[in-house]
Amino acid sequence: MSAVVSQIREPLVRGHKSYHDITEDLVSPTERAPGVGWVIGFIISISLLGFGLFCITWTIWHGIGTWDLNRTVGWGWDITNFVWWIGIGHAGTLISAILLLFRQKWRTGVNRAAEAMTIFAVICAALFPGIHVGRAWVVFYFFPYPNTRGPIWPNFNSPLLWDLFAISTYFTVSLLFWYTGLVPDFATVRDRAKGFRKKIYNFLSFGWVGSAKHWQRWEALSLVLAGIATPLVLSVHTIVSFDFATSVIPGWHTTIFPPYFVAGAIFSGFAMVLTLMLIVRKLLSLEEYITLEHVESMNKVILATGSIVGVAYLTELFVAWYSGYVYEQFAFFNRALGPYWWSYFGMMFCNVLSPQFFWSRKIRRSVAWTFFLSIVINIGMWFERFVIIATTLARDYLPSSWSYYSPTWVEMGIFIGTLGLFFTLFLIFVRVAPVVAIAEVKSILKSSGDQYCGPDAVHHHHDDHGHNHEDHSSEVEEAKTAIEEKVATVVESLEDNLKKLEGIGPKVEAALKTAGVKTFAALAETDTDTLQKILDEGEGNFMGNSPESWPHQAKLASEGKWDELEKLQDELQGGKY
């Protein structure tokens, strides 16, 4: 496979990897025993989750009165955390869908973890509205299904109901997208597994054998899901913003909220992806697959979206001033100089000033700086949601209704519990599935591996001897190519058509003949381990191909026993016994 390779673009796969190396490096974390770091992290996460479940049980048993909500501040940490988690889940769909449609190769190192993060973040977010309704056991009233309880029917004019449909659709499409990408990699793990583990991964891989038809359907499905998911990237947080923008409360009733919320969601989502991937990169030794080029590309997106968020903050202030509406002006005056001033200036520092450090290429490519700033940004985005909700509600039209909101230990415990749930699910995911997409990394190896592009490319030769030497080299190459084509034409008549054997297609045949296995007799004398090594090192993705029956088939073909070969092939499934 040939591809245009830019010599100035940095490689995305380092270490002069072969296809076999990629499989070994990315599958082995799911096969070996978990390390000390993973065990410690899992114990901490499951402990936080347990405390969160206790706080949820406490809330349901005693009621919402265990929170510090009051007649003025009806939304507190619950909706703040709901919007924060939805925002964090936004980057997964952006990376998997939009960057796929734009053919951005750097997505391959981080898309799998980002998609998983999306699903886990949406699960965490969904907890809060379910608890906030007060009577969690009747939360199914949200759903528009035929019932005999009288005039109980969802209010389709309510943005809260729009939330339900948008987020459930978002979750479903994201789950399908994530799992579709996992199917080929589950098949790779299956082919290396034994016993009961092999049966589990066989079920998860849906019988994937890596045939051309399977790959064609897989790629078509990925593009269809990307097309469906792309509008969701823009619509989900737009609809979440309608929870506020469709109200008449000063500080909320503004048309800038939809694009402002979408940019903020991508901003915080990319920051969380970086936080997680830098940890995973270190613990699983994936520095050669999640490179500084990946980190820099993501930091550029953070810089762009952070600047958009900063412009939105300033636009809000300008519109409040320009409107001449005293209540709108007071809402923003109160945010900056009222009792919650600390959260407003924390938001401005974390979301507007801190991303500007990424104008420096040195900081964009610094793992330590990136990790620190990604955490700062997510703290700032939590402050943003808190500022929008708490500061606006705490100062209503009537001064007699003014109050000050601060969370109780129960509210903080539920939020801590969702952090525990998120990291528990992510740590389990790291153990059962390759955290970097094997098939997609292999697909870019020939164009983005460091042996093919960049300063260490072994197939790139610098020439300093002028155009005459270049012209001469070109003529020699053309003559060499012409000779090779003539030789290939002669040799082809001496080769057998290996595609007559079940399980061998054009690409597998090409790989075998490149390795010197050109006839039925030669194939019959080649053992299975050697054939598997040829497939692993060949130029292509042969994860689903099993060569165990090929020598037997080749022996029958070389001896001219075509009837016996046909009978054997009827018993095989994709070339497998």
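Reader: Hi! What pLDDT does the protein average?
Author: It averages 82, and 89% of the residues score at least 70; pLDDT is the predictor's confidence in each residue, from 0 to 100. This is a predicted model, where local features need pLDDT of at least 70, side-chain atom pairs count only at pLDDT 80 or more, and totals for chains, interfaces and linings use all residues. Residues are numbered from 1 along each chain as its sequence is written, and side-chain values use heavy atoms, leaving out hydrogens and water.

Reader: Thanks! Where does pLDDT stay under 50?
Author: Over residues 460–472, for which the model has three contacts (heavy atoms within 4.5 Å) beyond four places in sequence. Where pLDDT is low, the predicted coordinates should not be read in detail.

Reader: New topic: at what angle do H11 and H12 pack?
Author: About 90°, with the axes of H11 (residues 326–337) and H12 (residues 341–353) 5 Å apart. Helices are DSSP runs of H or I, at least four residues, numbered from the N terminus. Axes are lines fitted to C-alpha atoms over the stretch in contact, and angles run from 0 to 180 degrees between N-to-C directions.

Reader: And which residues meet there?
Author: Arg335, Ala336 and Leu337 in H11 meet Trp341, Tyr344 and Phe345 in H12.

Reader: Lastly, where is the kink in H8 centred?
Author: On Leu232, with a kink of about 30°; the bend is the angle between axes fitted to the seven residues ending at a residue and the seven starting there.

Conventions. Helix = DSSP H or I, 4+ residues; strand = E, 2+ residues; numbered from the N terminus.
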